Amino acid sequence: MNRPLRHIAIFCGLLVLALLLRANWLQQVDRQELAEHKHNARVRFERFSSPRGDIIVGGKAITGSKETGSKDYAFRRTWKNGPMYAPVTGYASQAQGTSLLERTYDSVLSGQDDRFAFRHAKDVLMGEPRRGGNVITTIDPKAQKAGYQGLTDLGARGAVVALDPRTGKVLALVSAPSYNPEDFAGLSFKEGDRFKALLDDKSKPLANRPLRETYPPGSTFKILTAAAALEHGVVTDVDAKTDAVSPYPLPLSSSRIGSEAGDAVCGNASMKTAMQYSCNNVFLDAASELGEDRMRETAEKFGFNEDVYADEFGDMLATKSLYPEELDKPGTALTGMGQGSLTSTPMQMAMVTAALANDGKLMQPYIVEELRGPDLSTLEKNEPMEKSQAVSPETAKKVQEMMEFTAKEGSAQRALIDGVTVGGKTGTAQRGVDVRDEVPYGWFVSYGKKDDGRSVAVAVFIDPTDMDISRSDISGGRLGAPIAKSVMQAVLGD
């Protein structure tokens with residue numbers, strides 16, 4: 001063989017070897033990734049070739065499946081009260097894929113989980129169709145309905161989160177405006193147009209506001225500032241007068257910040273009085289004296305600056321709530337009243353409230369109680385898990401004292417419930433570069449406790465952009481407290 005032919009033969013041999021290596025690589029290494037790829041039609045065919053298992057709320061299925069008559073997509077997903085539960089279930093669409101619980105537990109719901117292998121083999125032998133497993137949630141249907149109805153009655157964009165402080169169970173996860181996942185569950189052009197319309201809608205119905213959107217928390221953050229001041233000894237007596245003048249001179253700035261309650265009430269007020277009337281000066285001063293490191297340290301113990309899941313893994317990840325790095329003195333002071341560059345999800349503020357109601361112990365939130373196989377056998381069962389001891393029980397009890405006083409004598413009175421110990425805090429958060437051009441956000445956080453040990457913590461967020469309401473009427477106490485009250489009543493009873 002002459003030299004040129006030998007070179008060509010070697011080159012062709014190398015090409016064949018490369019093809020063999022690539023083929024083996026695809027079959028052995030990339031097999032699982034390709035099998036689960038969203039653009040793999042076989043995955044979609046398999047997902048909808050049989051009825052999906054159900055997502056369960058309060059012992060009842062809020063999802064289902066119906067036959068389509070199609071050879072490739074034999075079944076399509078259905079929902080009960082789809083808009084109300086969309087922030088929990090997500091969607092399972094033949095064209096758009098899956099999200100949230102439908103995505104996180106797709107292998108269980110579609111019956112493709114490896115743990116079902118023996119069951120499927122048995123079904124094949126018996127000529128039975130493949131069946132999916134069920135996802136049992138922690139959601140309280142009455143609390144979910146109360147939160148959703150409260151927001152929709154207002155006509156507001158917003159979110160509601162309710163947690164069991166003792167366990168971390170997510171009792172309500174509400175977003176408004178919402179969407180019906182069933183509207184685009186199939187493949188028709190009309191359904192594709194509906195999905196595109198939702199994407200283009202300025203009110204962002206597809207947004208998961210409790211988990212995925214962050215906002216300045218405003219005065220609701222003052223409960224964390226109070227906890228930090230008490231924990232680090234900056235404040236030792238919540239009833240003692242402070243040195244915080246009103247209006248408060250922002251450090252290194254010519255700006256002076258007042259409070260809605262007025263300088264006569266807020267000037268040199270105690271922290272308890274400042275909580276009652278939401279005096280900005282006392283919390284600006286506390287944050288300034290604490291400094292950014294101690295403020296950030298406390299915020300991080302409550303969950304800021306880290307990933308927070310509403311479930312152990314998967315598509316239930318919340319956007320990080322941020323207590324920023326490298327703040328200057330004015331920026332640090334502003335975080336004391338929940339402003340500046342501080343951002344939070346409604347889930348995060350519910351976690352802060354729940355931890356304080358639970359004597360400083362922060363529990364890991366979770367929304368799935370149990371996974372069950374097609375034969376109703378238990379595959380997994382979640383148990384409460386402590387995330388951190390955010391502050392000492394002594395500190396938490398002092399903050400509880402102030403929040404309960406605020407509910408009885410201050411701005412959170414609209415959340416009071418007979419026979420229930422209620423603590424609350426209102427919040428109005430400014431946004432935009434020029435706050436005069438932007439309507440503020442409304443916030444409200446609260447907890448309710450009964451003598452039998454039951455408790456609930458609630459965070460309500462309201463964006464009044466679409467509401468026909470004057471700027472002066474926008475406040476967390478006026479708009480958010482009644483919603484929080486109805487959610488607490490739903491969990492604890494009237």
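Reply: Helices (H or I, at least four residues) and strands (E, at least two) are DSSP runs, numbered from the N terminus. The model is a predicted one, in which local features need pLDDT of at least 70 and side-chain atom pairs count only at pLDDT 80 or more, while totals for chains, interfaces and linings use all residues. Residues are numbered from 1 along each chain as its sequence is written, and side-chain values use heavy atoms, with hydrogens and water left out.

The ring of Tyr-179 pairs with that of Tyr-91: their centres are 6.5 Å apart and their planes stand at 70°, so the pair is edge-to-face. Rings of Phe, Tyr and Trp (its six-membered ring) pair if their centres lie within 6.5 Å; planes under 30 degrees apart count as stacked, over 60 as edge-to-face and the rest as tilted. Ring pairs extend the group to a cluster of Tyr-91, Tyr-179, Phe-184 and Phe-195. The structure holds eleven aromatic pairs.

A cis bond is also found from Ser-246 to Pro-247, with omega near 0°. Pro-247 lies in the loop between helix H11 (222-231) and strand E10 (248-249).

Leu-100 has phi near 50°, a positive value in a residue other than glycine; it lies in helix H5 (residues 100-104) and is buried, with a relative accessible area of 6%. Asp-359 has a positive phi as well, near 55°. It sits in the loop between helix H16 (346-357) and strand E14 (361-363), and at 27% relative accessibility Asp-359 counts as partly exposed.

Asn-280, in helix H14 (residues 280-301), is buried at 12% relative accessible area. The side chain of Asn-280 makes a polar contact of 2.8 Å with that of Lys-222; such a contact is a pair of N or O atoms within 3.5 Å, and within protein one must be able to donate a hydrogen and the other to accept it, with residues adjacent in sequence counting only if both atoms are side-chain atoms. Beyond four places in sequence, the residues in contact with Asn-280 (heavy atoms within 4.5 Å) include Ser-219, Ile-257 and Met-337.

As for the whole, the protein has 18 helices and 20 strands, and 53% of its 494 residues count as buried. Of the contacts between residues at least 6 apart in sequence, 69% join residues at least 24 apart.

How values were computed. Buried means under 20% relative accessible area, exposed over 50%, partly exposed in between (1.4 Å probe, protein chains only).
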